[in-house]
Amino acid sequence: MSERSMLMNLLMAGAAVAAVATALIMWQKMQKGLPVQTRNQALGLLYEFQHAAATPLHVLRQIAEHMTIEMTAGLMTEGKSNLLMLPTFVENLPDGSEEGLFYALDLGGTNFRVLRCLLGGLEGRVLKQEYEEVPIPKSLMLGTSEELFDFIAKRLVDFVNREGEEYRAKNRRQQTVREIGLTFSFPVKQTSVKSGILIQWSKGFKIADGVGADVVALLQSAINRQHGPKIEVAVLVNDTVGTLAGGRYWNDDVMVGMILGTGTNACYVERDLPSHAPSRTGEMVINMEWGGFWSSHLPRTYADEQLDNESVNPGQAGYEKMIGGMYLGEIVRRVLLRMAREAALFGDQGVPSKMTVPFSLVTPEMSKMHADESGDLRVVAKILRDVFGIQKTELPSRRIVHDVCDIVTMRSARLAAAGIVGILKKIGGDSWDTSGQSGQLKTINRNSRVATSTKLATGRIVVAMDGGLYEHYTQYRIYMQAAVNELLSEATAKRLVIQLSKDGSGIGATILAACHSNYRY
Ligand code: BGC
């Protein structure tokens, strides 16, 4: 390093220290409550975490660019990317003309859902639908695949048995077989549109004997063991694919399906297909499994490292562990725990024992603290009491807790936005560039047929979105849209529409079951 740059570095470091010191003095003047020493230490830890988790625009651009590169690599050469880029064999997306009674079974998180849907074609569309949601006992998430699938099959059969007369009367197809779309939201290597091998579990599931098995065969055997009505799986889809199909049913511009819920993932319509994804229509939906994305540009903190090391799948799903709803509350808990241990954030009460329990702070509770707009942060106080048993907290500590929630949420939303922009670049080419702000992105995908497609290059692209994180967390949506706006030019940002497709993954699966029905009545 030259003397001049060393001097510059020293000056910059000095300025940063001075800025932090001024902030600390201001803070001390403003706050009463915690002893000064403790407050300083807690603020020091807060700044350190904020710095490590930062997502400035140039970092987001690098992540978006890296996402595009990994997409191409994963698509062309199996196993050469941390993105699996799985062909789904879904070549036909719905157009609204689908008719008949179809079921879906949606498994992918802490709950599973069974649905029935009566489709009435272009005129009638969704004539009638109903669903039932069932929590999955924790023991089944760590047991055997037979136990899990038997549990699910039983609930499915019970649900089918309760099919109302109104579904039969209005169903012109007089079906003897009930066809279902199986939404299975884990990484699956599909071998056809209705078969696929489980690659690995995620989101806290760990069932050793399921990996490597055909999930449709597992479900079909479990259904057969129930000796109930005749039920057949017509299509196997990831939840992102169901969401895309559900969105496309209403809107031709939907090209991407995305989940921001317990886990996170995206799929999209690809036209530049490799030989291992043959398609008669010239296009196929690709399940990216973007939770597995990794880039050295991702802002990883000590809390992420700890979480990963102690997870059931260490070293995997790195992007998901920074974004998914399953993890956000847990990251906040880990940061607060460190502050309680090293900076007595909660004063005399020391380290609350409940705070040492992994996953004791769930993301919905975290988001309530984050949304607290009261002057004295009383919601934060209540949740700290209810969740961690901390009876009394000072306002300065509550402010720090609020800030940690903000940092973790903002990082998740901005990283997801960078991922979306990476996809747009892949399917839409240069027109989705960031208005000349990032020259490097322009070289990607130059020869793609998709990039030359006028619609994708100049028209709207709609992202159909499902998942509780996006649906229920207002500030999350605001942060995400703001990051998209930063990344794209004003005109380009207007061409991107992120549309909530509520429960799209389940309904989409029933519609895809109709598209792939084996019975033409
Ligand atoms: C799974 C994906 C799924 C996503 C959202 C991830 O953990 O691997 O298949 O789409 O969660 O549910």
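## Close-up views of a predicted model

**View 1. Where helix 3 meets helix 15.** From helix 3, the residues Leu57, Leu60, Ile63, Ala64, Met67, Thr68, Met71, Thr72 and Leu75 touch Arg414, Leu415, Ala418, Gly419, Val421, Gly422, Ile423, Lys425 and Lys426 of helix 15. Sorted by class, this contact holds 11 nonpolar, 4 polar and 3 charged residues. Please keep in mind, here and in every view below, that this is a predicted model. Helix 3 covers residues 57-76, and its axis comes within 8 Å of the axis of helix 15, crossing at roughly 50°. Helix 3 and helix 15 are therefore oblique to each other. Their crossing is right-handed.

**View 2. Arg414, a charged residue in the contact of helix 3 with helix 15.** Arg414 has its place in helix 15, and it is one of the residues that meet helix 3. Is Arg414 buried or exposed? Its relative accessibility is 9%, so Arg414 counts as buried. Setting aside neighbours within four places in sequence, Arg414 is in contact with Thr55, Pro56, Leu57, Leu60, Tyr479, Ala483 and Glu486. Leu57 and Leu60 in that list belong to the helix 3 side of the contact shown in View 1.

**View 3. The pairing of helix 13 with helix 14.** Now we turn to another pair of helices. Helix 13 runs over residues 363-370 and helix 14 over residues 378-388; their axes lie 8 Å apart and pack at an angle of about 155°. The two helices are therefore roughly antiparallel to each other. Helix 13 passes helix 14 in a left-handed crossing. Which residues of helix 13 meet helix 14? They are Glu365, Lys368 and Met369, and their partners in helix 14 are Val379, Val380, Ile383, Leu384 and Val387.

**View 4. Met366, a buried residue of helix 13.** Staying with helix 13, we find Met366 there. With a relative accessible area of 0%, Met366 is buried. Beyond its neighbours within four places in sequence, Met366 is in contact with Leu328, Gly329, Val332, Leu361, Cys405, Thr409 and Tyr473.

**View 5. The largest nonpolar core and Tyr476.** Nonpolar side chains tend to be buried together in soluble globular proteins. Here the largest nonpolar core has 116 residues, and the members that touch the most others are Leu260, Tyr268, Met288, Trp290, Val404, Tyr476 and Met480. Which helix gives the largest share of this core? It is helix 15, residues 395-428, which supplies 16 residues. A look at Tyr476 shows how such a member is surrounded: not counting residues up to four places away in sequence, Tyr476 touches Leu260, Ile323, Leu328, Thr409, Ser412, Ala413, Ala416 and Leu469. Another core, of 37 residues, lies apart from the largest one, and its members include Leu105, Leu118, Val160 and Ile223.

**View 6. Arg300, in a loop.** Arg300 sits in the loop between strand 11 (284-287) and helix 10 (302-309). Its relative accessibility is 32%, so Arg300 counts as partly exposed. Its contacts, leaving out residues up to four places away in sequence, are Ala52, Trp294, Glu305, Asp308, Met322 and Arg411. Gly318 is 18 residues from Arg300 along the chain, and their C-alpha atoms are separated by 9.3 Å.

**View 7. Two loop residues with a positive phi.** Most residues other than glycine have a negative phi. Phe89 has a positive phi, near 65°, and is found in the loop between strand 1 (86-87) and strand 2 (99-107). At 22% relative accessibility, Phe89 counts as partly exposed. Arg125 also has a positive phi, near 50°. Its place is the loop between helix 4 (121-124) and strand 4 (126-135).

**View 8. Stepping back to the whole chain.** The chain has 521 residues, and 56% of them count as buried. Among contacts with a separation of 6 or more, 72% come from residues 24 or more positions apart.

Definitions and conventions. Residues are numbered from 1 along each chain as its sequence is written. This is a predicted model: local features need pLDDT of at least 70, side-chain atom pairs count only at pLDDT 80 or more; totals for chains, interfaces and linings use all residues. Side-chain values use heavy atoms; hydrogens and water are left out. Axes are lines fitted to C-alpha atoms, for helices over the stretch in contact, and angles run from 0 to 180 degrees between N-to-C directions. Helices (H or I, at least four residues) and strands (E, at least two) are DSSP runs, numbered from the N terminus. Angles under 35 degrees count as roughly parallel, over 145 as roughly antiparallel, 65 to 115 as roughly perpendicular and the rest as oblique. A crossing is left-handed if the near helix is turned anticlockwise from the far one by less than a right angle, and right-handed if clockwise. Contact means heavy atoms within 4.5 Å. A nonpolar core is a set of buried Ala, Val, Leu, Ile, Met, Phe, Trp, Tyr and Cys residues joined through side-chain atoms within 4.5 Å. Buried means under 20% relative accessible area, exposed over 50%, partly exposed in between (1.4 Å probe, protein chains only). Ala, Val, Leu, Ile, Met, Phe, Trp, Tyr, Cys and Pro count as nonpolar, Asp, Glu, Lys and Arg as charged, and the others, Gly among them, as polar.
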